[in-house]
Amino acid sequence: MNPLCQTTASRTGYIVAIFAVATSVTLCRSAPPQLQQHPEESRFDGTAFRDGLKTRGLTDLLTHYIKEFPPADDIDARLLQRDIKLTESTDLSRSYRQRREAIAEANRILESLINDYPDDKRHIRWQIDLGESLLYSEAEPYTTAILFEGGGPADRKALAEIMERCNAVFAITYAELSADYESLDNLSARVYDKREAKGDIARLERNLAASDYMHAWARYFQTLATVENAPNKPGTDDPDAVQRRTTLRAVLEYLDDRSNLLEASHSETGYQAQATLLSGMTLRQLQVHQEARRQLARTIEIVSSIIDDSQRQTVTWVANLARIELIRSWSDTRDFESAQKAIRLFRNQFKSGSDQDRAMEIIVAILERDVIFAEAAVADRRGDWRRTAQLREQAIQSLRAIASRGGDQQTRVYDALYRRIGPDGFLDSLHPFEKTALIAGLLSEAESQSVIITELRERGLDALDPAVVTVEDRRTALLERVITIAQNMKASSQPIPSDLRPQVLYNLAVAQNARGRRLEAAREFQTVARDHRQFDRAPEAALYAVQIGWQLRTDPALASRPDIKTLLGEALQTLTRDYPHTEGAKYWQFFRAQFLAEREQYTLAAAEYERVASDHERYIEARFLAAECRSIDLNRYAADHLGELDHINRRATEALAAARSAKRTINNARTKKPEDSKRIAELAARIDILTAEIQIVPGVDRHAAALDAIKDFESRHPESPQLIGRVLRVRMISLEALGKHDEAARLIPQYVKTDPEGAPPTLQGLYDLLTEEINRDRIAGRTEQANERAISAAVLAGGIYDLAAKQPEIFGPDARYALRLQYAEAILETGALDRAEALFNQCIAENASKYPDATPHDSRAIQGAARTFYLKKQYEKALPLYNSLFRGVPRGERIWWEALLGELQCRTQMNYKPARIVKSIRQHKFLDAEMGGRDLHRQFDALLEENKARVAEETSK
């Protein structure tokens, strides 16, 4: 809900209708005439049906029903529409704004009736009802804000528009009623007695008194709507000021002419306190302060003297407003000491902690701010800058103290300040606290504009409709002002006070996100979450930083940017480490681990997976991934630290412990989560293989245990044939290590014989594993071992290719093409360059034949051919292929980095200017420090050093 609406709604809850006419001046309302029957009412009572819908609050259904079956009489139809709007105005299920709009619409309907049917005998009643509704209902938020809090530009503007209509209604009504009353003298005694007996004369007198009384208040409010809280000096000759004084004197004349308003006791009339208050407020506006204070003090005495508790309670607002006006009067005459004393006495009345007292506490704090600002203005005119600064700081201390309680109190304070300052308030004169309130108010108003846009679109209006465009423009302007103010506060030479800084940054982030500046918003949210943990919305900020960062990370256009990766990593860490007990942290814990794994930080990733809560939807998977990460870390460490057996075995022990823990979790889940049986069965198969693979890592060498882990794998996990390749690899390595060479040699033929259709994909999986091991060996510098594996991989790839050629009914042209390309890549790894070139040429020719331009589009075939030419030192053939890849594949993908590396390697060998190559490598390293992965990064570094040496050599010549 909009905080502005919350505050206004609460305000109406504790201030009794401020302009209520006393019981002796009650307006007379007669029952509406019987509606004419519509044809459909021959079947049932339509009037009763409509009343039933209205009584039950089904106004939307009632509106639709009226459209289908409208009353025959236009006046009755409009009155019914007005009743619907009045019902909506009291429907608490609707937003505050919708209820206010319903009141305004009800008044517009009544205005249209008055204008369209001036001769209807009910028009006097309509006019009185309209004036009363304008004064008491439609104007209520603005009159309350101005009288109790001083109001702001928006309040005065809205009130001026309403009071212009209201005064026009009352002026006409009073004139018509007066003419009717004067005409009584011309009636015959018989006619007079007849009208008196019907109650017409008593009703006329009541209506005349009521309209006259309400007109006095309306005229007073009209003067408030056109002037700031401090009234003009009597000598001001501005035409508007002259008109205001004339209107105020008319109010005083009205009160003087009706002495019973001021003199008859409140217990008799029920309105002496209100009338005396009106007199005192009017005198203050006319700068007649001594008499104003006398009347205001008398108002307080009148309320205090009321014996009946319930009656006194209904006019408590009158006494409170009289005290406020007294303080303003002391301030107007620069008696700031008396004003402050009165404020202290006034504040002492509100100690109960009730909602009413908390609201009044804010009103007193706003009043105190106004008084001290007035004193500061005097000091400023004297040139006492130090005193001015002290007073300005003092002015907002009470408000800051209330706001520091947080929650609803802070919202109310910010609302009150925002109403006073207005959205276009002059910033240079505002304290940082007031700017913070202004930012909150602007953002709240922008959010309300978003609600309006949603409602307009629900009514069928599209984004280009003028009504939607107008509201959207307003929303945009409000958000941009929030961003401007907050950024100026950040850039100011004076730091934002520590208690306000997180609020400013949080609201800045909200505005930036609403304007589509997601990266800037995520950074601000992250700053709030990381640096301001005591801020009540810091956990929300942490969650928003992660959510926005994840959105950016999954955007293909932004995924490779290192700053976004860094931001997401920091945001995930802040959320999960600093706010671990929040629901957001518990959910994102899994993805923090996943992010670390993607960054190849496997030890940290494993620890984070192990912290995933047991009630997380991906808990079982997290336990498996923890073991997998420790396995990968073990393999990497063993590859880079061959011979460090103690450290290798320590890591192996940790990995096996994680695997055993995962296996227990998976087995328990089989009975507890039968609905996830398929996923759990897959994890069960994978954890068995993972356990076996950990034990065949060089340096661990527990080959018998590895074989035991995958014993009878095919029968225990028949649903996982795609994993047989890994099983065969473990068995081959373990049997060879245990000296069972013949048994190892029979593994693949036996497998192909038992499952000829399933063999190709399984052997493909085995081939993929071999290529991964070859890459790891080459990165670690184990060239001889890599070459040996490459020969085995080439034989396996050739066997798969031949197997596919013999089964064309299973392997179509595309599959055979893919296997030929794989065979070419395997041959390239063995160093048989001529054979590799022939195979790649076949692939390129076949691929090019599929396109109208006869140009190959398969990046793998192009890359393989380029690599072959490079190794054959045919750089002039390799360079254009690498260049076409660099320009044709998506930026940031590994093959893109490989193409860039190959192109720069060719240029180096062809003696291109080394300085340009150095510059290119440095630029790309700046854009993405990872440069495609660890192995490519090393090759780029080596190429960089080579060309730097060439630059140095050129310089020395």
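In the predicted model, Cys843 is buried, with a relative accessible area of 0%. Cys629 is likewise assigned to the buried class, its relative accessible area being 4%. A disulfide is a covalent bond between the sulfur atoms of two cysteines. The structure contains zero disulfides.

Charged residues were examined next. Side chains of opposite charge can pair when their charged atoms come close. Across the whole structure, 76 salt bridges were found. One of them joins the side chains of Asp555 and Arg518, with an N to O distance of 3.4 Å. This pair connects distant parts of the chain, 37 residues apart: Asp555 belongs to the loop between helix H27 (538-553) and helix H28 (562-578), whereas Arg518 lies in helix H26 (residues 518-531). Asp555 is partly exposed at 22% relative accessibility, and Arg518 is partly exposed at 27%.

Glu583 is exposed, with a relative accessible area of 60%, while Lys586 is partly exposed at 33%. Arg400 and Glu393 form a further salt bridge, at 4.0 Å from N to O. In that pair, Arg400 counts as buried at 16% relative accessibility, and Glu393 counts as partly exposed at 35%. Salt bridges also link Lys85, Glu88, Asp91 and Arg94 in a network.

Arg328, located in helix H17 (residues 316-332), is buried, with a relative accessible area of 4%. The side chain of Arg328 reaches the backbone oxygen of Leu147 at a distance of 2.8 Å.

Note on methods:
Residues are numbered from 1 along each chain as its sequence is written. This is a predicted model: local features need pLDDT of at least 70, side-chain atom pairs count only at pLDDT 80 or more; totals for chains, interfaces and linings use all residues. Side-chain values use heavy atoms; hydrogens and water are left out. Helices (H or I, at least four residues) and strands (E, at least two) are DSSP runs, numbered from the N terminus. Buried means under 20% relative accessible area, exposed over 50%, partly exposed in between (1.4 Å probe, protein chains only). A polar contact is a pair of N or O atoms within 3.5 Å; within protein, one must be able to donate a hydrogen and the other to accept it, and residues adjacent in sequence count only if both atoms are side-chain atoms. A disulfide is a pair of cysteine sulfur atoms within 2.5 Å.
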